[in-house]
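Please look at the sequence and the structure together before reading on.

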Amino acid sequence: MMAWRILIPRSIPSANAHIVNGNHAATAYRYRAFRNVWAADLRTCKQSLRIPDATGKRLVTITRMMGKGQREYDYDNLVAGAKAVGDARKPPANRRGRQVNGASLIVNDDPKHVLVTYTQERSALGEPGTLITIEDVL
């Protein structure tokens, strides 16, 4: 079974942050910009690690690495805050005439194609970040 580890030096935001929470146009714009940053980082890591495009089911673990002074989020807050990371893993698409960037690390985010686990742990270096582990399922 193939497995890859991607470490991004950016922390998952709280779902209470205005980037991921809200329902008006300004929030939607900020969310798209945030998702595009994650997609660009994931594509770069995918290329450097030579991770092939997903063709089947993958197991994905998203770990929020807490930096010095950061506290754990409650589980719902963690999952909602990681939405942009999840959306950035999907293949690029064109939706309603708008290009949606993606990294093709998963085929789709439905249960048939991906099983996702969310965790949090203290960073050994004291710096915040996000660790994404991807494994092919045979």
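The model examined here is a predicted one. Arg50 is found in the loop that runs between helix H1 (25-49) and strand S2 (58-66). Its backbone deserves attention: Arg50 is not a glycine, and yet its phi is positive, at about 55 degrees.

A second residue may be considered alongside it. Ser104, also a residue other than glycine, has a positive phi near 60 degrees. Ser104 belongs to the loop between strand S4 (98-100) and strand S5 (114-122). Is Ser104 buried or exposed? Its relative accessibility is 12%, and because buried means under 20%, Ser104 counts as buried.

The next element is strand S1, which covers residues 3-8. Its side chains alternate between two faces.

Attention now turns to charged side chains. In the whole structure, six salt bridges are found. One of them joins Arg10 and Asp41, whose closest N and O atoms are 2.4 Å apart. Arg10 lies in the loop between S1 and H1, while Asp41 lies in helix H1, so this pair ties together parts that are 31 residues apart in sequence. Arg10 is partly exposed, with a relative accessible area of 23%, and Asp41 is partly exposed with a value of 23%.

Another salt bridge connects the side chains of Asp53 and Lys46, with an N to O distance of 2.1 Å. Asp53 is partly exposed, at 46% relative accessible area, but Lys46 is buried, at 11%.

A further salt bridge is formed by the side chains of Asp87 and Lys83, at 2.9 Å from N to O. How many residues apart are Asp87 and Lys83 in helix H3? They are four residues apart in this helix (residues 83-89), and are therefore separated by about one helical turn. Asp87 counts as buried at 12% relative accessibility, while Lys83 is partly exposed at 46%. Both residues also take part in a network of salt bridges that links Lys83, Asp87, Lys90 and Asp109.

Methods. Residues numbered from 1 in each chain as written. Predicted model: local features only at pLDDT ≥ 70, side-chain atom pairs only at ≥ 80, totals over all residues. Heavy atoms only, no water. Buried < 20%, exposed > 50% of the residue type's maximum accessible area, 1.4 Å probe, protein only. Salt bridge = Lys/Arg side-chain N within 4 Å of Asp/Glu carboxyl O.
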